[in-house]
Amino acid sequence: MSGGGSLERERRQAYLLVAPAVVVLAGVALYPILAAVWLSLHRFILVFGERRFTGLDNYAFLLSDARFWSALGNTAYFTLVAVTVELLLAVPLALLLNRAFPGRGLLRASVLVPWAIPTVVSARLWAWMFNPEYGLINRMLPGSDINWLGAPGYALHAAILVDVWKTTPFVALLVLAGLQGIGEDLYKAARVDGASNWRMFRSITLPLLKPALLLALLFRSLDAFRVFDAIYVLTEGGPANTTETLSIYAYKTLMRSGDFGYGSALSVATFLCVVVLAAVWLRLLGREEGAR
Amino acid sequence: MKRPGLGTALAVVAFLTFFLGPFFWQVLTSLWPDGELTRPWPSHLTVDSYVSVLWGRPFLRVVANSLLVAALTTGFCLTMGAAAAFALAKLEFRGKGLLLSAALAVSMFPPIATVSPLYLILRAVGLRDSLIGLALPYATFALPLTLWVLTSFFRQLPDELYRAARVDGCTPFQAFRRVLLPLAAPGLATTAILVFIFAWNEFLYALTFLSTPEKRTVPVAISLFASEYREPWGEIAAASVVATLPLVVLTVLFQRRIVSGLTAGAVKE
Amino acid sequence: MGRHNASLLALGLAVLAVAVGACRRASEETGAPAGRTRLVFKYQPLWGAPEPFRELLARFERENPGVELVTEALPNSSDLAHQFFLTSLEGGAEDFDVLVADVVWVPEFARAGWIADLSEYFPPERLREDFFPGPVEAVVVEGRTYAVPWYLDVGVLYYRKDLVPRAPRTYEELQRYAREAMAKAPGVQGYVWQGRQYEGLSCNVYEALWGHGGEALGEGGRVLLDSKPAREALEYLRGLVRSGVSPETVTGFSEEEARRVFQEGRAVFMRNWPYAWSEAQKPDSPIRGKVGIAPLPTVSGEPGWGTLGGWQLAVNAHVSPERRRLAAKLIAHLTSPEANLVLALNYARNPPRPSVYEDPRLRAADPFIANLKEMVERSRPRPVTPYYNLIADVLQSEFSAAVAGLRTPEEALKRAQKQVDHLTGVGE
């Protein structure tokens, strides 16, 4: 069978194919999100034993909440630095993984190790490494002990290092998947033309890799913006909230203070920031696809 | 196979040190007698921590639970994700952009705010405190990444392949199953690993939704090791080494697939 | 290749089918056998040989035929347990009956209607007769009992008997002794405590505040921070870091960091909970036999007050009256003097009843706990206000700012006061 009403049939099958995904997303994910949004419009604090609709009050308070802005600043800084470093490390790593050399299997398996260690544990592992008295890092560094987790300038960077260690493999895998899609013949042709390695990287690899890079950037920055575990275990946002990110603030408000209304508002605000971020990436991604 | 240059060798060593260094430190910690952790070097090594993790607690059971949940999640996610991604990449229908962005939006919400409502849903449908009930939200929250990665993977496969299959008399679904899905194996393998590890690591939902001790997953079990103030470092390290091994094995098994390349000549653009 | 994928898929489906089957079986099993009531107890692992505690639970089953007791462990981290209860109790969970509650949760859970009023089983007057005043204050909310103290904890001072002449009584003495010892033994630090931004820091600050003659709770239950003693307390703590008596790194310390330094023999004094004692006395401990324990110092020289910690038992308000009655019975069993003794002897948990400290069995088997009585008696709860969890966060961050030297104590306290008043609705 072919031709004729096949377009109609194709569309029907398309709907069937996406149906399970749509149902699950709507059923399991959409409801909790809407529930949280709804909650954010309430004053709902456990100890006051009250729950009443207050419209956008929580959001009005949020705009004037200095702690929110400082958390937003910390989050933005964390995301920017962590994702940049991860990308800069992941591209060479992926190029390496894509080449044939003895021991490649070992490297491939081992890059996944940091990522395979449960996050709760890896954050603890690093807390241990950062321990000022007997952690591995201060043992190896010469000079006086650095107060990694207790000094304002260091703590956030310590958390960034943990994130880089943990998620660079993820980025590298996505980039690697992108590299797989580039045909070998392009390079062959370039080599015939006498192009240098760097030249080939600049004019073939990088442009063709752009969609994969943007995809990795998209997912990593969405994740980094919601960073929680590493910071929670290392510092709980201290000292003096200098490492407090939006997720940590939201967590403390929801789960420690029992302020469900404002905590939900903080979560929604985080969500909105991420939406803006995603919109920027998607635009770039869309432009890229359009150009192809 | 070319002989690797010095640069390659250096880069490999640097990456290995960075990624494995802390892990080896952890392995060393797990063998280090607890009382001597503050000293520069241990006086001797001991496997006490492993003994107490593996025999003192039902840890293997816990690892099995985690494997099961992660496998279920990966199964759910790839089944739903591959079908939808194929449709998104190769078929014509309305609402594609909407679906992709809605999926993305789901992955943008801070998980902590979704715990309470999800708890209510799972309780209502009777799936609380079950491994399936855990795999379901995992699969949902891993679905966006799956959709995006696989869609871009399917897009890279030439349209001619799909058309040729259709001309040969395949339905769209058959074209997907018999022609495109096999070609997407590297993408599937990559995604499978991403999803599997996500499910393996998840802590927040697992802590809240599971209550029976027999159903605990690895991260929750490890969080139970610490007493109120005391942290048994050796045991935590040993447990995480034990918990990391299955994943390393899995990766080694899958790695040929991850980088098997987009198959032979016929498919080249 | 295609076949390979198909087999992978088949494998996945098979796993799925097995799991579904397993789940169904499990859910069938959860229904208790007819005629038996299943009572679920959510608690935290006690750390130690499990047998004595199991025996304690088994005794309850024997005394109450028809009751099947099930225990489900929670992480020991107070935060994680709080998070678990917030989600499940808010969601109306009725799958557990008895739960453990941190000292500072009881008023909050009571207000939220999540834990049952136990006054008919444990009248407040009787609790006041039988238990230390600190913990009773924490479980009686507006004249009604909502929980019963299970075991408690208190902040104390550890000192090195071989490095200082005796336990310091005043802050001045502590710093002088520390300096003298540091001069004699290079590489040894003076005083380690908990300065990381978390609840442990707040405990250290309250202790300093009480030691400077202050109170954190003002008239009408207002949490009062912008006061002279509070300022002095923070200046004292910051001064320890600035003068080098405490290492700079103390601003990143929680209990374990401090303990490991002290245990390695690298500190003269340590503020910590009693748990560190048994660690210090382990056979391979470098400081075994060289450690003394004393009440925290104060400005005036009278014995100081340590922060009250520990856990209480409460009943889930969502369960049926019948199960509630049984749950109260279980609590009575688990908090009896006899049970207190089991916990003290086997798990080093400090009894909340003064009478147990006089028990000859305890005095013979564990003189350390028996001797803690003086300090336990002087344990003080953190400000007892239902708003405590609401404001704890703000306090931690401002205290941390002062201790790390980011703000002056005065500035930090002013900011803290403003935020606390805002959150609790004072002056609005």
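How many residues of chain B are in contact with chain C, and how many of chain C with chain B? I looked this up before anything else.

**Ground rules.** I am working on a predicted model, where local features need pLDDT of at least 70, side-chain atom pairs count only at pLDDT 80 or more, and totals for chains, interfaces and linings use all residues. Residues are numbered from 1 along each chain as its sequence is written, while chains are lettered from A and ligands numbered from 1 in the order in which they are written.

**Entry 1: B against C.** I find 32 residues of chain B in contact with 34 residues of chain C. Contact here means C-beta atoms, placed from the backbone, within 7 Å. I then asked which elements of chain B give two or more residues to this side. They are α3 (59-90), α5 (115-124), α6 (131-156), α8 (172-183) and α10 (204-209). Helices are DSSP runs of H or I with at least four residues, strands are runs of E with at least two, and both are numbered from the N terminus. The largest share, 5 residues, comes from α5(B). By class I get 17 nonpolar, 10 polar and 5 charged residues on the side of chain B that touches chain C. Nonpolar covers Ala, Val, Leu, Ile, Met, Phe, Trp, Tyr, Cys and Pro; charged covers Asp, Glu, Lys and Arg; the others, Gly among them, are polar.

**Entry 2: B against A.** Here 88 residues of chain B are in contact with 79 residues of chain A. The largest share of the chain B side, 13 residues, comes from α6(B). That side divides into 63 nonpolar, 20 polar and 5 charged residues.

**Entry 3: chain B itself.** I count 12 helices and 0 strands in chain B. Its C-alpha trace spans about 70 × 60 × 30 Å along the principal axes. Of its 269 residues, 57% count as buried. Buried means 20 or more other C-beta atoms within 10 Å of the residue's own, exposed means 12 or fewer, and partly exposed lies in between; the C-beta atoms are placed from the backbone. Among contacts in chain B between residues at least 6 apart in sequence, 79% join residues at least 24 apart.

**Entry 4: a helix pair in B.** I looked at α3(B) with α6(B). Their axes come within 6 Å and cross at roughly 35 degrees. The axes are lines fitted to C-alpha atoms over the stretch in contact, with angles from 0 to 180 degrees between N-to-C directions. The contact of α3(B) with α6(B) has 24 nonpolar, 5 polar and 2 charged residues.

**Entry 5: chain C.** Chain C has 19 helices and 11 strands. Its radius of gyration is 24 Å, close to the 22 Å that the globule rule gives for 428 residues, so chain C is as compact as a globular protein of that length. The radius is taken over C-alpha atoms, and the rule is 2.2 Å times the number of residues to the power 0.38. Buried residues make up 52% of the 428.

**Entry 6: strand β7(C).** Is β7 (residues 156-160) of chain C enclosed or open? I find 5 of its 5 residues buried, so the strand is largely enclosed by the rest of the structure. V156(C), Y158(C) and R160(C) point one way, L157(C) and Y159(C) the other. β7(C) runs antiparallel to β9 (residues 267-272) of chain C, joined by 4 bridges. Pairing needs at least two DSSP bridges. V156(C) stands opposite N272(C) in β9(C). β7(C) also pairs with β10 (residues 291-294) of chain C in the antiparallel sense, over 4 bridges. There R160(C) stands opposite V291(C).

Note on methods
Contact = placed C-beta atoms within 7 Å.
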